[in-house]
Amino acid sequence: MSWENNDGRYTAFFNALKEIYQIHLEKSINYGKESDPYANIRSSEEWGVEAWKATLVRQGDKQRRLQNAAKGVLLTHESIRDSLIDNATYAVIALVLYDEMKGRD
């Protein structure tokens, strides 16, 4: 995949995608396994919850943090920016796991 942005209109967007990608790689080391970067999320299947749906639960937690921040509640341990990045990452992970479940590449 090329991260080139020839006309410059989406520079901030592509820079955000690159940052999300890099953070995802770094965090995957702590949460997944070498053979499966989504092992932590797939563990939900032991409880009867499809992995892609489990990401929606985690995304919901991030959404609640963001809703509180929008209401003026001071967040601790994680910034608004961190929550937005995590929320975007969970959306992509949900898509990957959903496509996997449906047999798509």
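Reader: Hi! What kind of model is this, and how are residues numbered?
Author: Hi! Residues are numbered from 1 along each chain as its sequence is written, and side-chain values use heavy atoms, with hydrogens and water left out. The model is predicted, so local features need pLDDT of at least 70 and side-chain atom pairs count only at pLDDT 80 or more, while totals for chains, interfaces and linings use all residues.

Reader: Which residue does R81 pair with?
Author: R81 pairs with E19, and their closest N and O atoms are 2.7 Å apart. R81 sits in helix α4 (residues 80–101) and E19 in helix α1 (residues 11–31), so this bridge ties together parts 62 residues apart in sequence. Helices are DSSP runs of H or I with at least four residues, numbered from the N terminus.

Reader: And how exposed are R81 and E19?
Author: R81 is partly exposed, at 48% relative accessible area, and E19 is partly exposed too, at 29%. The scale calls under 20% buried, over 50% exposed, and anything in between partly exposed (1.4 Å probe, protein chains only).

Reader: Is D99 buried or exposed?
Author: D99 is buried, with a relative accessible area of 16%. Its salt-bridge partner is R104, with the closest N and O atoms 3.3 Å apart, and R104 is partly exposed at 49%.

Reader: Switching topic: at what angle do α1 and α4 pack?
Author: About 80°, with their axes 10 Å apart. That makes α1 roughly perpendicular to α4, a label for angles of 65 to 115 degrees. The axes are lines fitted to C-alpha atoms over the stretch in contact, and angles run from 0 to 180 degrees between N-to-C directions.

Reader: Which residues of α1 and α4 meet there?
Author: E19, I20, I23, H24 and K27 in α1 meet R81, I85, D86, A88, T89 and I93 in α4, where contact means heavy atoms within 4.5 Å.

Reader: What sorts of residues make up that contact?
Author: Five are nonpolar, two polar and four charged. Ala, Val, Leu, Ile, Met, Phe, Trp, Tyr, Cys and Pro count as nonpolar, Asp, Glu, Lys and Arg as charged, and the others, Gly among them, as polar.

Key. A salt bridge is a side-chain nitrogen of Lys or Arg within 4 Å of a carboxyl oxygen of Asp or Glu. Helices (H or I, at least four residues) and strands (E, at least two) are DSSP runs, numbered from the N terminus. Angles under 35 degrees count as roughly parallel, over 145 as roughly antiparallel, 65 to 115 as roughly perpendicular and the rest as oblique.
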